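Me: I am new to this structure. Please walk me through it in short questions and answers.

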Amino acid sequence: FLKIMKISLFLTIFITTITSHAAAPVQKHVVRINSTLQKWSASQPWDKSAPSKRRALGVTMPNNQILTTAEMAADATYIELENADGNRTIPAKVVAIDYEANLALLAADNGDTDGFFKTLSPIKLGGGAKIGDKVSVWQLEDNGVPLITEVTIQSADIVSSFAQGHYFLTYEAKGSMQSASSSYSLPVIKDGKLLGLLTSYNSKDQITDVLAPEIIAAFLADVKDGNYVGFPSLGIGVSNTVDPNFRAWLKLPDDVGGIYVTHVRKDSPAEKSGTLKGDVIIEIDGKEIGRRGYYTDAQYGKLFWSHQVRGIHKVGDQVEITILREGQRKILTAILKRPGKRLVPAYTYDTAPKFLVKGGFIFQELTATYLKAFGKDWQSKAPLDLLDVLRSPDDYEAGRNRIVFLSAAVPTPATTGYERMRNLIIAKVNGKDIADIPSLVKAFQAPGSDGLHTIEFADGNPKTIYLDASVSDMVDGQLLKRGIPILSRE
């Protein structure tokens, strides 16, 4: 019994010592971030959905700035910084945010900044990690006691962690983590320096995703001049060349890999370089691209080709693209830039949707955010006509800045008989081509001489419908009285 008591006392002293030593660096370099988030409603674009809250740890950077993930700031109505002990808070604002890379830099919005940051100091950003390295994930309990979990780097890959379809260098680490009050995104430390930010944790498999320091370094370097630009893009869609019949049709030798170009975005670096749909990219900057789109990185081994563009280069850099076109080898040069304006925006964080309510008809500009509101299986459940625009924008771009569609019809005297109409693309209103919501608003200002608005759909059924102008104006006034705050947002 005495031996057990001695062992127990020793363990208590040992754990207390570890906690005491660990608390100093953790509390010196981290703050809690409390965010209130509120997204715009997909079905009622004049309104917002119910607010939600998130809590995480951010790490201190120079100039009293705080680094965290974009998930903590996107669609935020209020952000608050809280010290480790929980006895001091201060409102915060976003200095820069990158939804694609899942990074955000915050600063105090007002208040006693000197008092809040007095006990804090910036943490240095370290270099990369190797497979097998042991690194630490920092957490804080509600009472300020740190939790430090050791995890092991198992692999590196290109992962999409927030804005779907945007992939960046990420470590996969394994280790059992405890739940803590600030666990939404967390700093990961190697040798006393910031290795990266935890972006996800699978408790079942005990797998942690950690955004790599190379991506964080590029983000911070871009922020320095106060004009954040973002990560570059080549502007192409691709597919693999694994299928042997496909390879034979493309005239690809067995000793050549390559990725097939399925789409070249207009005014993109790829288009300006001379890249065409149907080309096979076999090298980028001298690095051979395999049949599945992977190349061999000197530090991390097999990585997806996009890292050669977005992870290594910045806007304005030049990349050399080696292609096979009809069996002939060509070398092209692309000057990288940010992705251009899309017909269907891929994400709409912090952006209010553009819409018009007319006589009970609800018109919106199509976004991927609207399509994703159809649920987990949105790629099969969303309306086929609208999905086709997302997949084949080239077929719809002529004369349009955005796709305007009728999303729903509120039952009113003006919409009688049309109540079931929804998700139809608008071609013309009152004889005028519709390029976006502002052009739609303008078109509705000039009804026909017969007092009717004529609405024409693109390949719709019915092709044309009519809306009584005087009745729709009366309904608009009633809708404002019923509680809709605004009838349009241009």
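Me: How many aromatic pairs does the structure hold?
Reply: The model is predicted. Rings of Phe, Tyr and Trp pair if their centres lie within 6.5 Å. The number of aromatic pairs in the structure is 18.

Me: Is the ring pair of Phe-361 and Phe-363 stacked, edge-to-face or tilted?
Reply: The ring centres of Phe-361 and Phe-363 are 6.1 Å apart. Planes under 30 degrees apart count as stacked and over 60 as edge-to-face. The planes here stand at 55 degrees, so the pair is tilted.

Me: Is Phe-363 buried or exposed?
Reply: Buried means under 20% relative accessible area. Phe-363 has a relative accessible area of 1%, so Phe-363 is buried.

Me: How far apart in sequence are the parts that the pair of Phe-363 and Phe-444 ties together?
Reply: The rings of Phe-363 and Phe-444 have centres 5.7 Å apart and planes at 50 degrees, so this pair is tilted. Phe-363 lies in strand 22, residues 361–365. Phe-444 lies in the loop between helix 10 (437–443) and strand 26 (452–457). The pair therefore ties together parts whose separation in sequence is 81 residues.

Me: Is Phe-444 buried or exposed?
Reply: The cut-off for buried is under 20%. Phe-444 has 7% relative accessibility, so Phe-444 counts as buried.

Me: Which charged residue sits over the ring of Trp-40?
Reply: A charged end lies 4.4 Å from the centre of the Trp-40 ring. That end belongs to Arg-489.

Me: In what order do the strands of the closed barrel run?
Reply: The barrel has 6 strands, with antiparallel pairing. Neighbouring strands of this sheet are turned by 40 degrees against each other on average, direction ignored. The order is 1-2-3-6-5-4.

Me: Which residue is the bridge partner of Ser-35 in strand 4?
Reply: Strand 1 (residues 30–37) and strand 4 (residues 76–82) run antiparallel, joined by 6 bridges. Ser-35 has its partner in strand 4. That partner is Ile-79.

Me: Which residue in the turn between strand 2 and strand 3 has a positive phi?
Reply: Strand 2 and strand 3 pair in the antiparallel sense over 3 bridges. Met-61 stands opposite Gln-65 in strand 3. The two strands form a hairpin with 3 residues between them. With a phi of about 65 degrees, the residue in the turn is Asn-63.

Me: At what angle does helix 3 run to strand 6?
Reply: Helix 3 (residues 213–223) lies across several strands, including strand 2 (52–61) and strand 6 (103–108). Its angle to strand 6 is about 50 degrees.

Conventions
Residues are numbered from 1 along each chain as its sequence is written. This is a predicted model: local features need pLDDT of at least 70, side-chain atom pairs count only at pLDDT 80 or more; totals for chains, interfaces and linings use all residues. Side-chain values use heavy atoms; hydrogens and water are left out. Rings of Phe, Tyr and Trp (its six-membered ring) pair if their centres lie within 6.5 Å; planes under 30 degrees apart count as stacked, over 60 as edge-to-face and the rest as tilted. Buried means under 20% relative accessible area, exposed over 50%, partly exposed in between (1.4 Å probe, protein chains only). Helices (H or I, at least four residues) and strands (E, at least two) are DSSP runs, numbered from the N terminus. A charge sits over a ring if NZ of Lys or CZ of Arg is within 6 Å of the ring centre and within 35 degrees of the ring normal. Two strands pair if DSSP finds at least two bridges between them. Axes are lines fitted to C-alpha atoms, for helices over the stretch in contact, and angles run from 0 to 180 degrees between N-to-C directions. Contact means heavy atoms within 4.5 Å.
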